[in-house]
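Dear colleague,

Please find below the structure that I am handing over to you.

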Amino acid sequence: MDTIDSQLLRVVDGWQRRQAWPHAVLLTGSERSGIFDQAFYLARRLLCETENACGVCSSCQRVHRMSHIDLHLLASTPTLKQLDLPLVDGANERHLIRKEEVLECCRALSLKAHEGGWRVILCLRPEEMNKEAANTLLKTLEEPGDHCLFVLVTSEPKALLKTIISRCQHVKLKPQSREDLSQVWIQEGCERSKSEVLAAMDLRGFGVTPETLSELRPLVLGWLTAVHERHRVQELELAEGLNRQGTPEAVLRVLRSLLSDLLALNAGCPEVELTHRDRLDDLRRMTGLDSLTMAGVLDTSAGALRRNVSLISILTAIARGAQLT
Ligand SMILES: [Zn+2]
């Protein structure tokens, strides 16, 4: 069985002892350190016949096979595919959770629990909800039914509505060390220098694959250099290259992690704490960039993506420190 985060275990034991389960839990931490597994553990704890996530009773087995009738998933198709979970018929293929999907889930909740106990809704990467979906979920969280537990699982809580966060009991999972995560990547066949960068990105919630890192980072660094040196033509060419090469989400994750490093450098953080310390020379050349303003624009890019604003427009806005409309 997966290792259960000690903090989560303590909190859940407390809820169970007092028979005081919340209606909504927000689980945050790095995706690499297994936040999704921890969410499934929570589901098993509530649905298990012995209330102990025993793993062997018929209820636990059905959760494991994803065939438990009182366990519902709310997630985008790419997320379900990535996590090897059953897909929903007719769902869209984008990184997007729509209002209809939230409503569908809520409809299932308005019926009584089939097995007379709890119903658990796992919402994976709730930041993928568009505005209408988020507002619909918020309404449900304001008036949750009896014996319903919503578990929102994310590495990017900043991308959620504050009103949603305030409805949830927030459990922050313990981060693993950079060295531990780096070892996991090495076991998966990654070279050491790259594994350290990937581990640091995982820890900061910007996780990407080794291929994405190799393909996108040189282009993003080139783009940042062009912005810094005000080479507009080069900047646009590189933005177009990024648009062809990667998904907007992956490009913006790599960019976000580089801007975080620039902010850290400007704040005088020790070099060993940098994510991209293997590219220190490149970073040092760009400390003149207004990384704070750029990061501020980048923070609003999730909403822009949902509104179908193109990656090139988003990059241009970030480069100019212009608001995304
Ligand atoms: Zn069980």
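Predicted model: local features only at pLDDT ≥ 70, side-chain atom pairs only at ≥ 80, totals over all residues.

Strand E1, residues 24-28, runs parallel to E4, and five bridges connect the pair. Within this pairing, Leu 26 is placed opposite Leu 152 of E4, while Thr 28 is placed opposite Thr 154 of E4. Strand E3, residues 119-124, is also parallel to E4 and is joined to it by six bridges. Here Arg 119 has Cys 148 in E4 as its bridge partner. Between E3 and E4 the chain passes through helix H6, residues 131-142, and this β-α-β crossover is right-handed.

**Strand E1**

Is E1 buried or exposed? Five of the five residues of E1 are buried, so the strand is largely enclosed by the rest of the structure. Besides its pairing with E4, E1 is joined in parallel by four bridges to strand E5, residues 169-172. Leu 26, which stands opposite Leu 152 in E4, also stands opposite His 170 in E5.

**The chain as a whole**

The secondary structure of the chain amounts to 16 helices and five strands. The radius of gyration is 21 Å, close to the 20 Å that the globule rule gives for 325 residues, so the chain is as compact as a globular protein of that length. Along the principal axes, the C-alpha atoms fill a box of roughly 65 × 40 × 30 Å. Buried residues make up 41% of the 325 residues of the chain. Among contacts between residues at least 6 apart in sequence, 68% join residues at least 24 apart.

**The two domains**

The chain is divided into domain 1, residues 6-172, and domain 2, residues 178-320. Their C-alpha centres lie 30 Å apart. To the contact between them, domain 1 contributes 11 residues and domain 2 contributes eight residues. On the side of domain 1 that touches domain 2, two residues are nonpolar, five are polar and four are charged.

**Met 201**

Met 201 belongs to helix H9, residues 192-203. Why does Met 201 count as buried? The reason is that Met 201 has 25 C-beta neighbours inside 10 Å, and a residue is buried if 20 or more lie within that distance. Apart from its neighbours within four places in sequence, Met 201 is in contact with Phe 206, Gly 207, Val 208, Ser 257 and Thr 275. Met 201 and His 276 are 75 residues apart in sequence, and their C-alpha atoms are 8.8 Å apart in space.

With kind regards

Definitions and conventions: Residues numbered from 1 in each chain as written. Domains from an automatic or database assignment. Contact = placed C-beta atoms within 7 Å. Nonpolar A, V, L, I, M, F, W, Y, C, P; charged D, E, K, R; others polar. Pairing = 2+ DSSP bridges. Helix = DSSP H or I, 4+ residues; strand = E, 2+ residues; numbered from the N terminus. Right-handed = clockwise from strand over helix to strand, strands pointing away. Rg over C-alpha atoms; globule rule 2.2 N^0.38 Å. Buried ≥ 20, exposed ≤ 12 C-beta atoms within 10 Å, placed from the backbone.
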